[in-house]
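Me: I have a structure open and would like to learn how to read it. Can we take the features in turn?

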Amino acid sequence: MESVQQPGASPLLVLVQDLGTQTDDEPLTQYSISSKALSPVAFDELRRYRCFVTPQGWVLALDPASCQTFLWRPQDSERIQLPPKDQGFPESCKCLLSDMPGAASGSSVVVFDLDDNEMWVCKIGATNWDSHRYEPSMFVKGRIPQLTNIAMGHGIAAVGGRIYFELTAREMGVIEFNGKEGLKLDTIEVDMVDLPLSIRMASMYLVESSGELFLVVIFFDGENVHKIANHAVYKMDFSEPKWCEVDEIGADRVFLLGGDRLGISCFGASCSAGDHGLRGNCIYFLNHVPTTTKSFLHVINLKTGTEEAQRPFVTHNGYHMMPVRSPFWLLPTESTLQAQGSSILPSSPMPPTRRSLVTLFRIFFFVFLFLAMY
């Protein structure tokens with residue numbers, strides 16, 4: 001599958017990953033989606049600060065020494081100052097914006113703790129970060145209630161100033177931002193899509209694109225998470241509400257999925273195809289499992305139904321190296337809200353052994369949760 005190369009295409013739509021040592025002088029490596037080429041990352045901010053990328057292109061940065069925070073736009077180095085946090089964020093987090101900075105309704109930066117039922121919210125222009133704890137529950141087989149984390153192992157996206165997240169097979173969660181009234185958690189009744197009983201493993205992603213909410217399901221071949229058996233795309237009809245299956249996402253749109261940790265962060269984004277020299281109506285799905293050295297970039301063409309698998313990060317004389325940090329998407333901002341969700345770039349990665357054990361536990365939990373719901 002070939003990219004559509006266009007003069008002046010933005011070079012910023014890249015995957016970034018640590019392939020070397022943990023020393024500060026070792027450059028990060030980026031993989032250009034349009035040129036399929038590796039090169040060093042020039043952004044010093046990704047080394048100096050703890051960074052949380054969002055699919056709108058803005059990056060939340062935290063100074064580890066002072067806990068000062070700001071939003072940073074890599075394409076032109078513009079910054080939006082945010083208040084300092086009383087202490088750093090936990091080790092495993094997910095970040096997203098409720099809307100693009102400058103939106104009429106205002107925009108809030110939201111950080112979710114993936115290991116606890118807590119999140120932090122800072123409205124752009126505010127003087128402090130607010131902490132919120134929550135206890136949403138879901139019902140699994142046997143109608144046994146079980147607490148669930150909003151962001152860990154669930155698709156999450158922002159549309160029209162609200163944040164939507166997967167909750168149960170019959171409900172979708174909603175986070176509303178009501179100005180002085182504060183943050184409100186609510187639900188809407190909507191049936192989750194039917195999944196084939198023959199499918200043992202799948203991964204789901206919520207994506208905001210041009211003001212609409214999409215759900216992408218990647219079906220794996222048995223327990224082989226590096227081989228895709230099928231895929232399905234749905235668009236939310238909020239007037240019902242219900243998920244409606246679609247066979248296209250737009251001639252000038254591409255979806256960017258995955259990256260950080262399979263089944264954990266569920267990163268989903270959308271951007272222009274033509275601006276980046278790409279063929280439209282395609283899904284770019286990075287399947288990264290931290291316990292192995294394998295990272296496959298699957299390119300799914302929705303028009304032709306074909307799929308191409310790439311191996312972006314093969315270095316050191318052809319050897320596949322265990323990354324110091326998980327890969328993540330880095331892309332320019334757009335004039336309208338294109339997608340929400342996030343992935344984290346930890347500043348102090350866990351030791352490989354502990355990281356592998358924790359990741360294995362989370363993958364097993366995700367598989368159990370998926371099977372229990374269906």
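Reply: Start with a loop. Lys36 sits between β2 (29-32) and β3 (38-40). Strands here are DSSP runs of E, at least two residues, and helices are runs of H or I, at least four residues, numbered from the N terminus. This is a predicted model, where local features need pLDDT of at least 70, side-chain atom pairs count only at pLDDT 80 or more, and totals for chains, interfaces and linings use all residues. Residues are numbered from 1 along each chain as its sequence is written, and side-chain values use heavy atoms, with hydrogens and water left out.

Me: What is the phi of Lys36?

Reply: Phi is positive, about 55°, although Lys36 is not a glycine.

Me: Is Lys36 buried, partly exposed or exposed?

Reply: Buried means under 20% relative accessible area, exposed over 50%, and partly exposed in between (1.4 Å probe, protein chains only). Lys36 has 36% relative accessibility, so it counts as partly exposed.

Me: Where is the cis peptide bond?

Reply: It joins Glu240 and Pro241, with omega about -10°. Pro241 lies in the loop between β20 (224-237) and β21 (242-246).

Me: How do I read a sheet?

Reply: Strands of a sheet pair through backbone hydrogen bonds, either parallel or antiparallel. Two strands count as paired if DSSP finds at least two bridges between them. Here five strands form an open sheet, ordered β23-β22-β24-β25-β26, with mixed pairing. β23 (268-272) and β26 (306-310) are the edges; each has a single partner strand, so one side of each lacks a neighbour in the sheet.

Me: How many bridges join β25 to β26?

Reply: Five, and the two strands run antiparallel. In one of them, Val299 has Glu308 of β26 as its bridge partner.

Me: Which residues lie nearest the centre of the largest pocket?

Reply: Ser108, Lys123, Phe177, Asn178 and Gly179, out of 21 lining residues. β10 (118-123), β11 (130-133) and β16 (171-177) each supply at least two lining residues. The largest share, three residues, comes from β10. A pocket is an open set of points on a 1 Å grid over the protein atoms alone, where a 1.4 Å probe fits, with protein on both sides within 12 Å along at least five of seven lines; lining residues have an atom within 4 Å of a point.
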